[in-house]
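Try each before you read the reply.

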Amino acid sequence: MTQDIQTSAEAMEAAALPDARVVHCDPCTPPTPEQLPLPQKVQEKPLEEKSEAEWAYERIILYIQSFEEQLDAEHEVAMGFTGSDSGVMRIEGMGFFGPDILTFYGSDDQGIRTQMIQHVSQLNVTLRALPRLPDRPAQRIGFQLAQDLETSGSEGNT
């Protein structure tokens, strides 16, 4: 059994990098967040300085943005919550309250205002494509969330 010898700087860098992997049946599947480099702004704050909520928030943004990139103009992203009968929520906003709470804002399939507050240890969501509402173009929350990450980071109330 051989072990690679690392300098202390290499060991610190390796410990700070997120671990990700994905395998798809179709080799032509567009790259997913596990395969793409993290945006520069996300990398600026060391992983060990982020709360669980902040780190989960940033990664969910990457997943939502990737999901939306594959939608046509007639659909928008919605979220289903597993282990619950709360149905589906059109995602209209998302936030975190460190160290461990994520919030999702939106409306259900009947247009009723909805908010989900979830502890990171219970996070388990399904992204779904819903037909857009007939009176407006499809909303792209992933673009707005990613833009916020790039311009302000995810510092929260600072």
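Q: How many of the seven residues of strand β1 are buried?
A: This is a predicted model. Strand β1 covers residues 75-81 and is mostly covered. Buried here means under 20% relative accessible area. By that cut-off, the number of buried residues in β1 is six.

Q: Over how many bridges do β1 and strand β5 pair?
A: Strand β5 is made of residues 125-131. β1 and β5 pair in the antiparallel sense. Met79 stands opposite Leu127 in β5. The bridges between β1 and β5 number seven.

Q: Which residue in β2 is the bridge partner of Met79?
A: Strand β2 spans residues 88-97. β1 pairs with β2 in the antiparallel sense, over three bridges. In β2, the partner of Met79 is Met89.

Q: In what order do the elements of the chain run from the N terminus?
A: The protein chain has four helices and five strands. Read from the N terminus, the order of these elements is α-α-α-β-β-β-β-β-α.

Q: Which element gives the most residues to the largest nonpolar core?
A: The largest nonpolar core has 22 residues, and those with the most contacts inside it include Tyr57, Ile61 and Leu102. Two or more residues come from each of α3, β1, β2, β3 (101-108) and α4 (141-152). With seven residues, the top contributor to this core is α3.

Q: Which glycine is in contact with Leu102, leaving aside neighbours within four places in sequence?
A: Contact means heavy atoms within 4.5 Å. With those neighbours left aside, Leu102 is in contact with residues including Ala53, Tyr57, Phe96 and Met116. The list also holds a glycine, Gly95.

Q: What share of the contacts with a separation of 6 or more joins residues 24 or more positions apart?
A: Take the contacts in the protein chain with a separation of 6 or more. Then pick those between residues 24 or more positions apart. Their share is 59%.

Q: Which element has the lowest mean pLDDT?
A: The protein chain averages a pLDDT of 83, and 83% of its residues score at least 70. Among the elements, helix α3 (residues 52-69) has the highest mean, 93. The lowest mean is 52, and the element is helix α1 (residues 8-16).

Technical notes:
Residues numbered from 1 in each chain as written. Predicted model: local features only at pLDDT ≥ 70, side-chain atom pairs only at ≥ 80, totals over all residues. Heavy atoms only, no water. pLDDT = per-residue confidence, 0-100. Buried < 20%, exposed > 50% of the residue type's maximum accessible area, 1.4 Å probe, protein only. Pairing = 2+ DSSP bridges. Core = buried A, V, L, I, M, F, W, Y, C linked by side-chain atoms within 4.5 Å.
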